[in-house]
Amino acid sequence: MDAHVSPSSVSGTARAPPSKSYTHRAILAAGLGDGATVHDPLVSADTRATARAVEAFGGSVAFAEDGTEAVVEGLSGSPGTPDDVVDCANSGTTMRLVTAVAGLVDGTTVLTGDSSLRSRPQGPLLDALEQLGATARSTRSNGQAPLVVDGPMVGGTASIPGDVSSQFVTALLMAGALTDDGVDVALETELKSAPYVDITLDVLDAFGVAAEATAGETADAVAGYHVDGGQPYAAADGEYRVPGDFSSMSYLLAAGAVAGDPEVTVEGAVPSAQGDAAIIDIVERMGAPVNWDRDAGTVTVEQADLAGVTVDVGDTPDLLPTIAALGAVADGDTRIENAEHVRYKETDRVTAMAEELAKMGASVTEEQDALTVHGGETTLEGATVDGRADHRIVMALAVAALVADGDTTIHGCEHVDVSFPGFFGVLEDLGAHAHPLD
Ligand SMILES: O=C(O)C1=C[C@@H](OP(=O)(O)O)[C@@H](O)[C@H](O)C1
Ligand SMILES: C=C(OP(=O)(O)O)C(=O)O
């Protein structure tokens, strides 16, 4: 489906959806234990995939019709053999976390996903599961799904690269808590996307599971992570509440910074372990006045003439599309560095943003691990662009389109359902001329 975006301003207050990363982990943790009520879950295509996987292992997940909670019945630490192939759809988090849980099953689990997910790397996780005592392989022997996993694994030490996906570490820690021997994850390289492991430690802690980083050679270096085995999952009082999603917030804050008339306020911005809260500092560094009231959980951003900045996205890969869109509107160069792992997402987001912003007239230089947007050299023009079946590309292009000269058509706008269902409605409520075409 196409979305149509005309140049327009935005103002008012919007609420960010609940965190996708926290929701995946909370539903899985509740499912691996005796169940819990997860309040304010993100109800989206990706989190539904994790809910289906919990059900495939023998639990159940009921999302309330009004979306305010998910009631999870757990499988008490013993995932059963799924009756059918587990379809992780478009969700990398689901596939990685569920592959490790499959290593606990005394039987065979088969996992697949859509064509995007079947092209993403899983090899290091398969190797890790083998090191822990499971059998894990790719049906095509190319480190990609479909995957076949035979457990049970006992635990031990798994050595993995840290520069492909932090989700491998998250997966090994979450499943490792239910092994007999526990799991030591030894990182072969520096960890990218590290704040996502902090989110995992946060959720594990809330479910009564102890896990920690193990010290490296220097004071701030991390050698890996450790989780003891035999730790049941149990949320305090059987309840867990999901905070707002800063990656989703980034599009609303970026919209306010480029097209605020004069400002936009985003609710749901309670502090949590999410590295993507860095978007607040980034829009401020680019010149937009920002006020984050941490107690109230609100961020207000005013429109301003933005200036290019250099941003390292090693910790915050999901912000790359948003920063690239901001850079196309700013004056001067915006250089996004340490970005190679951003190529392993729903699509290669470095190339996708370079090519799609270029269609809108932006001047862009792409390197293997960096993207530089040369703002101010050209005028951003409305164009027909391709969201590449990737929710974040669609939303970032919609932000750029608000201030392009002329109308923009974005292909594949329905993919926002992966992380931010109703995104175009929220933009419209802020006053933007942005809507899906039937
Ligand atoms: O664990 C998570 O919830 C996520 C980790 C990150 O992936 P990588 O660790 O693969 O970079 C991020 O890009 C993804 O959107 C969500
Ligand atoms: C990469 C993402 O998610 P996942 O890895 O779960 O597909 C994302 O939401 O940007």
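Mentor: In this predicted model, D318 is in contact with S247, D276 and R392, once its neighbours within four places in sequence are left aside. D318 sits in the loop between strand 18 and helix 9. It counts as buried because 26 C-beta neighbours lie inside 10 Å, where 20 or more are needed for that label. The term "active site" for D318 comes from an unreviewed UniProt entry.

D318 belongs to the shells of two ligands, and these may be taken in turn. The residues around ligand 1 are S21, T93, S165, S166, Q167, T170, K192, S193, Y196, P317, D318 and H341. By class, this shell comprises 2 nonpolar, 8 polar and 2 charged residues. Ligand 1 lies between domain 1 (2–17 + 244–436) and domain 2 (20–241), because both give residues to its shell.

Around ligand 2 stand K20, D46, S91, G92, T93, D318, K345, E346, R392 and S419. This shell holds no nonpolar residues, 4 polar ones and 6 charged ones. Ligand 2, too, lies between the domains, since domain 1 and domain 2 both contribute to its shell.

The unreviewed UniProt entry also lists K20, G92, R120, Q167, R349 and R392 under "binding site". K20 lies in helix 1, which covers residues 20–32, and is buried, with 25 other C-beta atoms within 10 Å. Not counting residues up to four places away in sequence, K20 touches L42, S44, D46, T47, D245 and S419. R120 is found in the loop between strand 7 (108–112) and helix 4 (123–131). With 21 C-beta neighbours inside 10 Å, R120 likewise counts as buried. Its contacts, sequence neighbours within four places aside, are G92, Q144 and Y344.

Domain 1 spans 2–17 + 244–436, and domain 2 spans 20–241. Their C-alpha centres lie 29 Å apart. Where the domains meet, 17 residues of domain 1 are in contact with 19 residues of domain 2. The side of domain 1 that touches domain 2 divides into 7 nonpolar, 6 polar and 4 charged residues.

Behind the ligand shells there is the nonpolar interior to consider. In soluble globular proteins, nonpolar side chains tend to be buried together. The largest nonpolar core has 79 residues, of which L253, A255, V283, A324, A398, V399 and A400 touch the most other members. A324, for its part, touches I336, M353, L357, L371, V373 and A396, not counting residues up to four places away in sequence. A second, separate core has 74 residues, including A36, A56, M95 and L126.

Just after helix 8, G287 takes a positive phi of about 115°.

Technical notes. Residues numbered from 1 in each chain as written. Chains lettered and ligands numbered in written order. Predicted model: local features only at pLDDT ≥ 70, side-chain atom pairs only at ≥ 80, totals over all residues. Near = placed C-beta within 6 Å. Nonpolar A, V, L, I, M, F, W, Y, C, P; charged D, E, K, R; others polar. Domains from an automatic or database assignment. Core = buried A, V, L, I, M, F, W, Y, C linked by C-beta atoms within 7 Å. Buried ≥ 20, exposed ≤ 12 C-beta atoms within 10 Å, placed from the backbone. Contact = placed C-beta atoms within 7 Å. Helix = DSSP H or I, 4+ residues; strand = E, 2+ residues; numbered from the N terminus. UniProt positions renumbered as here; feature names shortened; annotations may be inferred.
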